Amino acid sequence: MTFPEADTPPALQTQVSELRDEAWPPDSASAPGTFAHDPALRPVSMLLVDGATVLAALDILTKELVHAGQRYRAAGLSTVVTRGTARGKGHGRRLVTAAREAMAAMDLDIGLFTCDRPLQSFYESAGWQHLPGAVLIGGTPQDPFPSDGPGFDKVTLAGFFSAFGRSHRSSFPHSRIELYPGEIDKLW
């Protein structure tokens with residue numbers, strides 16, 4: 001199921017919040033400051049639902065970015081989570097694959113996001129491509145938040161959706177990509 005984030009039915013949104021709290025307990029050091037996304041990034045929620053139960057969820061955020069002198073219509077994955085009791089059954093991979101396919105149909109040039117290094121093979125198995133040496137720079141130009149900051153062990157993944165995006169693929173590995181999604185979604 002896919003909804004603009006603000007239009008996600010309340011019963012489903014409650015379950016998504018519970019899944020996020022399960023994955024990132026609010027009192028843990030790994031918990032994001034908030035799960036609310038900046039409306040300027042046009043958040044879209046994708047949910048894998050069995051009956052009335054949310055098995056997995058993620059959000060797609062979009063914005064334009066400039067990289068190596070070129071402007072791209074870009075999107076990325078955020079807050080990807082699978083219900084603890086449903087892990088290991090392919091639900092997360094199915095949803096992440098569906099998100100990549102949905103993004104390819106959204107008139108985007110590229111998809112970019114980071115993940116913890118141990119999750120790289122999971123995302124690659126869903127069709128995403130590793131960008132070796134690439135660093136996403138989140139935050140804002142005045143307060144940058146790079147994915148290679150102290151304590152991070154992140155890798156950058158991508159999908160090249162348009163002919164324009166594919167023709168500039170070689171500019172992304174081993175580069176610093178100025179994403180700058182803002183103060184709310186420092187790195188999507």
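Two strands pair if DSSP finds at least two bridges between them. Strand E7 (residues 135-139) is joined to E8 by three bridges, and the two run antiparallel. Within this pairing, isoleucine 137 has proline 146 in E8 as its bridge partner.

The model is predicted, so local features need pLDDT of at least 70 and side-chain atom pairs count only at pLDDT 80 or more, while totals for chains, interfaces and linings use all residues. Residues are numbered from 1 along each chain as its sequence is written, and side-chain values use heavy atoms, with hydrogens and water left out.

Another strand to follow is E9 (154-160). E9 is mostly covered, as six of its seven residues are buried; buried means under 20% relative accessible area, exposed over 50%, and partly exposed in between (1.4 Å probe, protein chains only). E9 runs antiparallel to E5, and seven bridges join the two. Here lysine 154 of E9 stands opposite aspartate 116. E9 also pairs in the antiparallel sense with strand E6 (residues 129-130), over two bridges. Alanine 158 in E9 is the bridge partner of glutamine 129. In a regular strand the side chains alternate between the two faces of the sheet.

The largest nonpolar core has 37 residues, and Leu77, Leu112 and Trp128 have the most contacts inside it. Such a core is a set of buried Ala, Val, Leu, Ile, Met, Phe, Trp, Tyr and Cys residues joined through side-chain atoms within 4.5 Å. Among the elements that give two or more residues to this core are strand E2 (44-50), strand E3 (53-67), strand E4 (70-82), helix H2 (91-104) and strand E5 (110-116). E3 gives the most, with five residues. Leaving aside neighbours within four places in sequence, leucine 77 is in contact (heavy atoms within 4.5 Å) with residues including Leu58, Ile60, Val96, Met103, Leu112, Trp128 and Trp188. Apart from this core lies another, of eight residues, among them Leu12, Val16, Leu19 and Val81.

Arginine 20 belongs to helix H1 and is buried, with a relative accessible area of 4%. The side chain of arginine 20 makes a polar contact with the side chain of threonine 79 at 3.1 Å. A polar contact is a pair of N or O atoms within 3.5 Å; within protein, one must be able to donate a hydrogen and the other to accept it, and residues adjacent in sequence count only if both atoms are side-chain atoms.

Two loop residues deserve a look as well. Arginine 42, in the loop between helix H1 (10-23) and E2, has a positive phi of about 45° although it is not a glycine. Arginine 42 counts as exposed because its relative accessibility is 52%. Aspartate 107, in the loop between H2 and E5, has a phi near 60°, a positive value in a residue other than glycine. At 55% relative accessibility, aspartate 107 counts as exposed.

Key:
Helix = DSSP H or I, 4+ residues; strand = E, 2+ residues; numbered from the N terminus.
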